[in-house]
Amino acid sequence: MSKGKDVRVRVILECTSCRNGVNKVSRGISRHITQKNRHNTPNRLELIKFCPYCYKHTIHGEIKK
């Protein structure tokens, strides 16, 4: 089996409010690692996750590796 064209790929999700500087008191940027199916979701993934730096649930978007 070839390892080049895996259907499941690992993606990194990053907090959009920490990245854009909305929360000025933030100490860092929250990142989560998850997997997605490349055939079912070809575009970028966005999930609502808890950000420990913002102390609330925010949208986490997929970033490039």
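A search of the whole structure, which is a predicted model, finds 0 disulfides, a disulfide being a pair of cysteine sulfur atoms within 2.5 Å. In general terms, such a link is a covalent bond between the sulfur atoms of two cysteines. For Cys15, the closest cysteine sulfur is in Cys18, and because the two sulfurs are 3.7 Å apart, they are too far from each other for a bond. Cys54 is likewise in no disulfide, the nearest cysteine sulfur being that of Cys18 at 3.3 Å. Cys15 is buried, with a relative accessible area of 0%, and Cys54, at 10% relative accessibility, also counts as buried; here buried means under 20% relative accessible area, exposed means over 50%, and partly exposed lies in between, with a 1.4 Å probe and protein chains only.

Residues are numbered from 1 along each chain as its sequence is written. In this predicted model local features need pLDDT of at least 70 and side-chain atom pairs count only at pLDDT 80 or more, while totals for chains, interfaces and linings use all residues, and side-chain values use heavy atoms, with hydrogens and water left out.

Strand β1 (residues 8-15) and strand β4 (residues 56-63) run antiparallel and are joined by 4 bridges, and Leu13 has Glu62 of β4 as its bridge partner. With β2, strand β1 pairs in the antiparallel sense over 7 bridges, and in that pairing Arg10 stands opposite Gln35. Two strands are taken to pair if DSSP finds at least two bridges between them.

Taken together, 4 strands form an open sheet in the order β2-β1-β4-β3, with antiparallel pairing. The edge strands, each of which pairs on one side only, are β2 (31-37) and β3 (46-51). From one strand to the next the twist averages 45°, where axes are lines fitted to C-alpha atoms and angles run from 0 to 180 degrees between N-to-C directions.

Seen as a whole, the protein chain has 1 helix and 4 strands, which follow the pattern β-α-β-β-β along the sequence; helices (H or I, at least four residues) and strands (E, at least two) are DSSP runs, numbered from the N terminus. Of the 65 residues in the protein chain, 28% are buried. Among contacts with a separation of 6 or more, 50% involve residues 24 or more positions apart, a contact meaning heavy atoms within 4.5 Å.
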